[in-house]
Amino acid sequence: MPRHLIGLVILAVAVPAEAQEWMTRPEIRQVRAVYSQVRAALGDSALRESIRHFEYCPQDYIKRALYQDSTGAGRLFIVEGGGDDHVLEASYYYDAEQVLRFMLVELRAVNGTVQEQRIYFGSDGLQLYHDRRVLAGPGYMWYTPRVVPDPVVAFARPSECPERG
């Protein structure tokens with residue numbers, strides 16, 4: 001095995017233990033509680049759904065979905081897009097004060113790769129932990145979408161791609 005790959009293999013083996021330790025921290029448990037609240041509200045149809053679809057173009061996402069609570073706060077923002085060789089879905093979860101608390105990024109590539117990133121944020125919106133995993137396949141370049149501090153603004157912003165009716 002080439003020398004430069006040895007460190008990568010050791011790093012990949014060490015990540016699950018580090019992630020397991022992080023999952024027990026109180027601030028991560030708070031993030032997981034926000035995630036559970038949003039998923040429960042979705043299941044109870046307690047969030048208002050708005051969706052925008054766009055024609056494919058490499059500059060922007062082809063779908064944006066916003067889920068708002070009864071106060072108008074964005075609780076979940078989802079974008080979908082990709083290119084000729086991959087598709088990507090990024091889900092942004094927000095607390096009741098509309099502070100970003102969790103990002104789940106899923107990427108699937110034509111080479112069979114499935115990758116997942118989980119990014120946890122504190123109540124102040126600052127990143128606490130970032131976990132990256134290759135779930136299947138040989139791997140693909142890592143792509144992390146930018147942080148979206150205000151999902152309502154991000155949903156409404158104009159796109160470089162034509163919007164579909």
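In what follows, buried denotes a relative accessible area under 20%, exposed denotes over 50%, and partly exposed lies in between, computed with a 1.4 Å probe on protein chains only. The model is predicted, so local features need pLDDT of at least 70 and side-chain atom pairs count only at pLDDT 80 or more, while totals for chains, interfaces and linings use all residues. Residues are numbered from 1 along each chain as its sequence is written, and side-chain values use heavy atoms, with hydrogens and water left out.

**First selection: Lys63 and Glu80.** The side chains of these two residues form a salt bridge, with an N to O distance of 3.8 Å; the term requires a side-chain nitrogen of Lys or Arg within 4 Å of a carboxyl oxygen of Asp or Glu. The pair joins distant parts of the chain, 17 residues apart: Lys63 belongs to strand E2 (residues 63–68) and Glu80 to strand E3 (residues 74–83). Strands (E, at least two residues) and helices (H or I, at least four) are DSSP runs numbered from the N terminus. Glu80 is partly exposed because its relative accessibility is 23%, and Lys63 is likewise partly exposed at 22%.

**Next, the other salt bridges.** How many salt bridges does a search of the whole structure find? The search returns seven. Select Asp60, Arg64 and Arg157 to display a network of such bridges. Then move to Arg101 and Asp95, whose closest N and O atoms are 3.5 Å apart in a salt bridge. Arg101 is buried at 5% relative accessibility, and Asp95 is buried at 7%.

**Then Asp131.** This residue lies in strand E7 (residues 127–136). Is Asp131 buried or exposed? Asp131 counts as buried because its relative accessible area is 4%. Its salt-bridge partner is Arg133, with the closest N and O atoms 2.6 Å apart. Arg133 is partly exposed, at 33% relative accessibility.

**Finally, Thr113.** Select the loop between strand E5 (100–109) and strand E6 (114–121), where Thr113 is found. Thr113 is buried, since its relative accessibility is 1%. Its side chain reaches the backbone nitrogen of Gly139 at 2.8 Å. Which residues surround Thr113 in contact, leaving aside its neighbours within four places in sequence? Contact means heavy atoms within 4.5 Å, and the residues concerned are Leu107, Arg108, Val134, Ala136, Gly137, Pro138, Gly139 and Tyr140.

Conventions. A polar contact is a pair of N or O atoms within 3.5 Å; within protein, one must be able to donate a hydrogen and the other to accept it, and residues adjacent in sequence count only if both atoms are side-chain atoms.
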